[in-house]
Amino acid sequence: MDIFEKLNTNLGPLGKHSDLSEGYFMFPKLEGEIAPRMKFKGKEVLTWSLNNYLGLGNHPEVRKADEEAARKWGAAYPMGARMMSGNTDLHEKLEQELADFVGKEKAYLLNYGYQGIMSVIDSLIDRKDVVVYDGECHACIIDALRMHIGKRFVYPHNDMESLEKQLQRAERLTTETGGGVLVITEGVFGMTGNMGNLKEIVKLKEKYQFRILVDDAHGFGTMGKTGAGSAEAQGVQEEVDLYFSTFAKSMASIGAFVAGNAKVIHYLKYNMRSQIFAKALPMIMVEGGLKRLEMLRTMPELKENLWKVVNALQNGLKEKGFSIGTTTSPVTPVVLNGTVGEAATLSKDLRENYNIFCSVVIYPVVPKGMIILRLIPTAVHNLEDVKQTIVAFEAIKDKLVSGYYKTTELATSFGE
């Protein structure tokens, strides 16, 4: 088959009908200022799909800092990669402040989260090394491991007994190869909302020799006493060898960082190809990052407001009989049973008739027959938003159970 011809045969779970949902169910367009209420297809909707945990995305102080940085530097500065001509004092200042905040010696600023974690993993390991990772790790981690030419072993999500068995396998192999073992997990898993069992993982260091890399994209800024993340929340900050997070969640920006031992960070600076051969992060993002981090550190009310909304939403949903899985973070998955077609129709009904916009997760991200409505509470939502949402969810759940969403034209188009 021609390399282009095969593309139209692999459109995912919506198959040949995927074009019917584009702009509605898939690739929707939210308009207006970043806020809990935005416009979708000309109507105001209550939005629960923005990873704007602390409400910094449209905060007046953040907007002012971004505008001033743009006026001062433009979008191009600095030109070139950090190693060659793109380094600045402000890049280094942000790195050190990030390292101090998460309790590590040094940090390295990265251009993007997805690309960043892939490059960190690629730089750390070679054919002699073995990776052991949680089965529910994000796609960016899986993509990084697909490039790994050594062995990799997966353990079921948070299954410590299986993890120990995989560590035993890894140890036997590295005894022969002379390599090391890297354990990779997430701080907060973005789909289920529960935390990686970091406390139990690092406890296994008493029996096995390995290093642990934690991707804490959803935990940075939201978890722990100071917001330093999931390891802080579990009291194992010092035992985590490498800590990674993106700016795309609590920081409401672009960029990422990795933090750890000074020697390891120094090694990464000289070996991460995605940074060596890429233009430095623009000053707009760097100065904006400094402002966001300052607010994260000095304004605890942001995280307090977030958790006020989180607790109201999650407790309210549970009181009404909804399953929200095992979440221990702001990520709130509402688990329902239904087909891909029913999910599409339910989503349309929710947005058109109840003015609620949230992400709908379907197969193959979750098993067939399961629908997850994924809600992301933020510090700028309020309790009235929570009440409106729970009332709407009760209505659509009744319709789903009654079979209403099976009978519509859209559901029939998508099929089972």
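Strand 11 and strand 14 pair in the antiparallel sense, with 6 bridges between them (strands pair if DSSP finds at least two bridges between them; helices, H or I with at least four residues, and strands, E with at least two, are DSSP runs numbered from the N terminus). You are looking at a predicted model, where local features need pLDDT of at least 70, side-chain atom pairs count only at pLDDT 80 or more, and totals for chains, interfaces and linings use all residues. Residues are numbered from 1 along each chain as its sequence is written, and side-chain values use heavy atoms, leaving out hydrogens and water.

- The open sheet has 3 strands in the order 11-14-13, with antiparallel pairing.
- Strand 11 (332-337) and strand 13 (359-361) are the edge strands, each with a single partner, so one side of each has no neighbour in the sheet.
- On average, neighbouring strands here are turned by 25° against each other, direction ignored (axes are lines fitted to C-alpha atoms, for helices over the stretch in contact, and angles run from 0 to 180 degrees between N-to-C directions).
- Strand 13 is joined to strand 14 (residues 370-375) by 3 bridges, and the two run antiparallel.
- Across these pairings, Leu336 stands opposite Ile371, Val360 opposite Leu373, and Val361 opposite Ile372.
- How much of strand 14 is buried? Of its 6 residues, 5 are buried (buried means under 20% relative accessible area, exposed over 50%, and partly exposed in between, with a 1.4 Å probe and protein chains only).

**Helices on the sheet**

- Helix 13 (residues 300-319) lies across strand 11 and strand 14, and runs at about 20° to strand 11 (contact means heavy atoms within 4.5 Å).
- Helix 15 (residues 383-402) also packs on the sheet, touching strand 11 and strand 14, with its direction at about 20° to that of strand 11.

**Helix 14 against helix 15**

- The axes of helix 14 (residues 340-353) and helix 15 come within 11 Å and cross at roughly 145°.
- From helix 14, Glu342, Leu346, Asp349 and Leu350 meet Ala392, Phe393, Ile396, Lys399 and Leu400 of helix 15.
- By class, this contact has 6 nonpolar, no polar and 3 charged residues (Ala, Val, Leu, Ile, Met, Phe, Trp, Tyr, Cys and Pro count as nonpolar, Asp, Glu, Lys and Arg as charged, and the others, Gly among them, as polar).

**Salt bridges**

- The whole structure has 17 salt bridges (a side-chain nitrogen of Lys or Arg within 4 Å of a carboxyl oxygen of Asp or Glu).
- One of them joins Arg37 and Asp385, at 2.9 Å from N to O.
- Arg37 lies in strand 2 (residues 37-40) and Asp385 in helix 15, so this pair ties together parts 348 residues apart in sequence.
- Asp385 is buried, with a relative accessible area of 3%, while Arg37 is partly exposed at 33%.
- Arg63 and Glu67 form a salt bridge with their closest N and O atoms 4.0 Å apart; both lie in helix 2 (residues 60-73), 4 residues apart, about one turn of the helix.
- Glu33, Arg63 and Glu67 are linked in a network of salt bridges.
- In helix 7 (residues 160-177), Glu161 and Lys165 lie 4 residues apart, about one turn of the helix, and form a salt bridge at 3.9 Å between the closest N and O atoms.
- Glu161 is exposed at 57% relative accessibility, whereas Lys165 is partly exposed at 47%.
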